[in-house]
Amino acid sequence: MEIQQLLSKYMLEISKVRDEKSLYTAVSEILKKIVSFSVLNVFNQNNLVFSEPEGQHIEKEIFSDYLPWIEQRLYPTFLPLENGYIGLIPVFKANKLLSTIVIETTEEPTAEVVDYIQLLSYLSGITLENLRLIDFVDKAREYFESIINLSNDGIVVLNELKEIEFTNSKAKDNLKDNTELLREIIDRIENNEEFFEVETHKSFFSISVKQVNLLGEKKVLVNIRNITSEKEVQKLKELDKIKTNFIANISHELRTPLAAIKAYVETMLNMPMSQEEIHEFLDVVYSQSIRLEELLSDLLDFSQLESHTMKILKESVNICEIIEHSIETLENMAKEKDVTVEYNCSNLEIKCDRKRIEQVIVNLLSNAIKFSDQAKEKRFVRIDVLDEGEIVKIIVEDNGIGIPESAFDKIFERFYRVDNELTYAVPGTGLGLAIVKEIVELHEGNILVESEVGKYTKFIVTLPKN
Amino acid sequence: MMIKEMISTVTEIPTPDVIVQQIISTASNPNVSAKELEKVISMDVGLSTKILKLVNSAYYALPRKITKLSEAIVIIGFKTVRNLALSVFTYSALHSKTTFVDHDKLWSHFMATAIFSEQIAKSIGYMNREEVFLAGLMHDVGKLAVDLLFPMYIFELSKVSRDLSKPMFLIEYEIGVDTHMEIGGELLRHWKFPEEYVSIAILHEKPSLNPDSPYIEMSCIVHLANVFSNIFLPGNSLSYGKPYLDQVVFKVLGIKPSRLETMYHELEIVFNKSKDLIFGGVEDETGVQT
């Protein structure tokens, strides 16, 4: 066989090679053209890894003492037997033996055969080394890919056109479950934001964005972390803190009327008093008892709020009567604070829980009085009732101290007080508006707030007539 | 006068006999079989004994002793057997006459360079290691020729090299005589060695003289082996001083200068294993201590 033929054959066979086994099949095919052999075995570190024909072994004792010698020498060799030869062909790269091909042949090798075999052992050494390198690189890639896909964080790579180039498994899940997430992230990236949080309808995500250079091209690396449970824990912690505040708050609230009642009754018991004085004192005791009752009923409502067991009993009532009654209830308080209470209502029947709606009005009204602005010359609260067909709107407006816009959502939360500290400047449990909201919502209505600090506050309660 | 021109005309220089000539041509014939090569070598009974002795030396470290030449040829290879036959011839040519030069030392330089050449080829993954071995063995035959023709001159030349601590070939350049490289090339041509061995003998001190030579890789390997041989056995080549290292080797062989250090350690191991070949017994012309 000519050298060109050998090389062409080698190129052809080697192009089919995908793994070590197919390399040996190819080498075996090429070797057949150089020297006829009955059996071919391949050893990798003393282990038989390939046989041609399959399952045929050359007795190892015949040549095993030559294997370390071959490893050192790295030349093909032929051991003469009684009626043939054992050929030992090292497959190697530079100084390193990669495997050893062993053949059994009856043919006496010529100088040319040995030359060709030497060439083959060099070429297949290079191929084998490359195969092992590819295998190594493949495994390394698989290793890193697994790590990336096992990560709890979603990883996304975007190109300069903000198109997705890569997503790991987690990111795929995140984007699939939250369809609006990608759009939101891209918008924020275009806003040059690097760290931000995105809330979707079901989850909370913390996103970090990094401009990176991957293989010479500009990319955007996006890290998506689902922090829904962290957010929940955070909320619970906040709630816990609020509850602690609440307990301190409510204790104080309960103690104040109780202390007053105790002191007045004590005085009455120990001091000779006129009938007029006794009446005056009992008045105070009575109003403080009312205050205590209110607080306790708030607490009761609150526990119903917590367990969502509050029930309403609807009946046909005149809304104006409720408002008049509420204003009467708070008459003293309004007088004390020097607040004028006006109302505007024309007879209007709606179906609602009389007691509960009165509670709503009293609460809104007492807040309006409580938070009146002492700096203003004239203080007022006005209640308007608007008949709007299917619905009725009750608007409670004052010119009090107002509520900052940032607190609009929070004032309806349980325990929340705008001052939020134990200052007790204004008494209250922080439960009122939460209860109001619950009641309004149980009536399938809603409550909105409009306000400007230092100017006014306006609560708008919308209720269906039926 | 031109020493080169004398090579083919004077009788002081031994020529390979018919058998050695045949071995050279036989081993270069691709279709030769082990039996045919064995037949040629066996014509000289002494030669086959000497070759078998070399084959069984510690350098080849064979797991089993080889007793038949035909076995040696298939086990150790056609070309290696050819190399051994030629080393027997070179050894005897070198020891054919007593001069002022220590021929054992010069021989150790020849053999060390041959062994180092083969090892460097192995280390960098160069395929034709047997050819490189032979080229290393033959690289300094020019010194042999000069010694046989003008023993006093080469003795003095070596002394100047030692006194000035300067490699011999640089002094030869300065004097303007035919260098031992040129003479060696001429001798190999005369001995009918293939052209590559002639080129390598000419380029072995400074391969960059002809960077376009088709045999530049082998020339660089032998050059590097020659440098290491002079480091391991200083003065044995009759040349002294810091060996000249041609920078072209790094580019041609694709190695970094830092590689030379690891190479030095590799060669140290090989050197210790092949002492029987390098420091052969004086009486025994195979060079194998028995």
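View 1. The bridge partner of A:Ile207 is A:Ile224 in S10(A). Strand S9 (residues 204-214) of chain A runs antiparallel to strand S10 (residues 217-226) of chain A, and 10 bridges join them. Strands are DSSP runs of E, at least two residues long; helices are runs of H or I, at least four long; both are numbered from the N terminus. The model is predicted: local features need pLDDT of at least 70, side-chain atom pairs count only at pLDDT 80 or more, and totals for chains, interfaces and linings use all residues. Residues are numbered from 1 along each chain as its sequence is written, with chains lettered from A and ligands numbered from 1 in the order in which they are written.

**View 2. The open sheet S7-S6-S10-S9-S8 of chain A.** Its five strands pair antiparallel; pairing takes at least two DSSP bridges between two strands. Strands S7 (164-167) and S8 (195-199) of chain A stand at the edges with a single partner strand each, so one side of each has no neighbour in the sheet. Neighbouring strands are turned by 25° against each other on average, direction ignored. Angles run from 0 to 180 degrees between N-to-C directions, with axes fitted to C-alpha atoms, for helices over the stretch in contact. Helix H5 (residues 169-177) of chain A packs on the sheet, touching S6, S7 and S10 of chain A. The direction of H5 makes about 85° with that of S6(A). Contact means C-beta atoms, placed from the backbone, within 7 Å.

**View 3. The open sheet S12-S14-S15-S17-S16 of chain A.** Pairing among its five strands is mixed. Strands S12 (340-344) and S16 (446-452) of chain A are the edges; each has a single partner strand, so one side of each is left without a neighbour in the sheet. Eight bridges join the antiparallel strands S15 (residues 391-398) and S17 (residues 456-464) of chain A. A:Lys393 stands opposite A:Thr462 in S17(A).

**View 4. Helices H2 and H4 of chain A.** H2 (residues 20-34) and H4 (residues 111-150) of chain A pack at about 165°, their axes 11 Å apart. They are therefore roughly antiparallel, a class for angles over 145 degrees. A:Leu23, A:Val27 and A:Ile30 are among the H2(A) residues at the contact, and A:Ile117 and A:Leu120 are among those in H4(A).

**View 5. Chain B against chain A.** In this interface, 21 residues of chain B are in contact with 22 residues of chain A. Helices H5 (69-76) and H7 (103-124) of chain B each supply at least two residues of the chain B side.

Note on methods: Two residues are in contact if their C-beta atoms, placed from the backbone, lie within 7 Å. Angles under 35 degrees count as roughly parallel, over 145 as roughly antiparallel, 65 to 115 as roughly perpendicular and the rest as oblique.
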